[in-house]
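Grab a pencil and work through these exercises with the structure open beside you. Each one gives a task, followed by a solution that goes step by step.

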Amino acid sequence: MITVLAGGVGAARLLAGIVQVVPPAEVTAVVNTGDDVVMHGLHISPDLDTVTYTLAGADNPETGWGLAGETWQAMGSLGRYGGETWFNLGDVDLGTHLYRTGNLAAGVGLAEITAGISSGWGLEPTLLPMTEDRVATMMTLADGSGGGSDEVGFQEYFVRLRHAVPVSSVRFAGAESSLPGPGVLDAIGGADVVVVAPSNPIVSIGPLLAVPGIADAIRARRDRTVAVSPIIAGAALKGPADRLMRELGHEASVVGVARIYRDIASCLVIDSADADLAGAVETEGMACVVTDTVMSSPEVAAELARTVLGAAS
Ligand code: GDP
Ligand code: CA
């Protein structure tokens with residue numbers, strides 16, 4: 001069994017590669033829910049949905065979120081009433097949120113709901129929410145640019161403010177008292193290889209590690225855990241990972257990534273563009289594998305998956 005710690009886009013791409021090289025039913029993703037948000041009363045789990053839609057081949061590669069060929073009638077209707085429309089929800093996507101929200105209200109757990117969504121898309125891998133408890137990633141803005149409040153929820157920072165504002169701290173509200181989701185610790189403990197996907201180390205993998213028990217479970221498997229750097233040549237391919245790392249006192253480089261992951265992973269896979277830093281990664285106490293990590297096609301993703309899984313042995 002292969003278990004992948006996952007945020008959104010970077011993880012989804014790697015998972016799409018992994019299922020090409022091992023039987024999909026043997027793959028489990030433990031997915032960040034710190035980005036989850038309630039909008040218009042609907043419970044939205046952006047990272048779970050990104051992974052689901054990508055594995056189903058239904059994702060929109062241009063936006064990096066949502067579904068291909070989506071329509072926006074419901075948003076137009078909402079706008080007519082002066083409703084908040086900064087968080088775009090497509091018509092087909094809305095069905096997912098209705099299903100999740102209705103079942104949560106009926107007392108069904110997020111893990112079972114996630115399994116229902118995943119099976120609705122015909123997926124063979126197992127997707128597990130990191131927790132069924134409410135954990136909310138909260139960002140403190142460095143210059144009060146939140147429009148009143150200094151602390152905003154992740155989606156307000158990421159979508160409404162377009163992550164164009166400096167952050168002075170991040171916390172995962174509710175994490176201290178949360179429990180790992182059903183199956184999460186077994187998926188880590190029983191995995192042949194644990195993969196830390198190329199996701200944002202601060203706001204995608206950070207929440208997972210903040211759920212009590214998860215970091216210890218991975219640490220216990222450190223020798224079988226391989227991380228893939230989301231930072232390439234000092235920058236994120238997309239999104240604020242590099243800026244957030246710098247703003248929070250990390251070096252935005254593969255060496256900075258190694259310092260964040262060295263306690264939980266024994267190997268870091270870095271991009272060929274960073275080949276000259278392999279020695280510096282090893283100095284941080286991790287084995288280092290250099291390869292092409294920009295998953296611009298399914299073939300590159302499969303090749304990267306093969307290298308990552310091979311790096312654990
Ligand atoms: P989000 O939740 O959708 O924002 O996505 P993630 O948590 O997965 O984080 C986005 C990160 O994934 C960024 O730092 C990107 O640099 C990284 N990423 C996305 N695609 C790739 C890729 O093909 N290769 C690598 N190495 N990193 C990627
Ligand atoms: Ca995310």
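**Exercise 1.** Find the element that holds Ile-202, decide whether Ile-202 is buried or exposed, and list what Ile-202 touches.

*Solution.* 
Step 1: Ile-202 sits in helix 8. Helices here are DSSP runs of H or I with at least four residues, strands are runs of E with at least two, and both are numbered from the N terminus.
Step 2: The relative accessibility of Ile-202 is 10%, so Ile-202 counts as buried. The scale goes like this: buried is under 20% relative accessible area, exposed is over 50%, and partly exposed is in between (1.4 Å probe, protein chains only).
Step 3: Setting aside residues up to four places away in sequence, Ile-202 touches Val-170, Phe-172, Pro-207, Leu-244, Met-245, Leu-248, His-250 and Ile-260. Contact means heavy atoms within 4.5 Å.
Step 4: For a distance check, take Glu-62, which is 140 residues from Ile-202 along the chain: their C-alpha atoms are separated by 24 Å.

A quick word on the ground rules. This is a predicted model, in which local features need pLDDT of at least 70 and side-chain atom pairs count only at pLDDT 80 or more, while totals for chains, interfaces and linings use all residues. Residues are numbered from 1 along each chain as its sequence is written, chains are lettered from A and ligands numbered from 1 in the order in which they are written, and side-chain values use heavy atoms, leaving out hydrogens and water.

**Exercise 2.** Work out where Thr-3 is and what surrounds Thr-3.

*Solution.* 
Step 1: Thr-3 belongs to strand 1 (residues 2–6).
Step 2: With 0% relative accessibility, Thr-3 is buried.
Step 3: Its side chain reaches the backbone oxygen of Ala-187 at 2.6 Å.
Step 4: Beyond neighbours within four places in sequence, the contacts of Thr-3 include Thr-28, Val-30, Ile-188 and Val-195.

**Exercise 3.** Explain why helix 11 is largely enclosed, and say what caps its N-terminal end.

*Solution.* 
Step 1: Six of the eight residues of helix 11 (residues 254–261) are buried, so the rest of the structure largely encloses this helix.
Step 2: Val-254, Val-255, Gly-256, Val-257, Ala-258 and Tyr-261 are the buried ones.
Step 3: The cap is Ser-253, with a side-chain oxygen 3.1 Å from the backbone nitrogen of Val-255.

**Exercise 4.** Track down some salt bridges.

*Solution.* 
Step 1: The whole structure has eight salt bridges. A salt bridge is a side-chain nitrogen of Lys or Arg within 4 Å of a carboxyl oxygen of Asp or Glu.
Step 2: Arg-259 and Glu-284 form one of them (3.2 Å, N to O). Arg-259 lies in helix 11 and Glu-284 in the loop between helix 12 (278–283) and strand 14 (287–291), so the pair ties together parts 25 residues apart in sequence.
Step 3: Arg-259 is partly exposed at 39%, whereas Glu-284 is buried at 15%.
Step 4: Glu-251, Arg-259, Arg-262 and Glu-284 are linked in a salt-bridge network.
Step 5: In another pair, Arg-306 meets Glu-303 at 2.7 Å, N to O.

Terms used:
A polar contact is a pair of N or O atoms within 3.5 Å; within protein, one must be able to donate a hydrogen and the other to accept it, and residues adjacent in sequence count only if both atoms are side-chain atoms.
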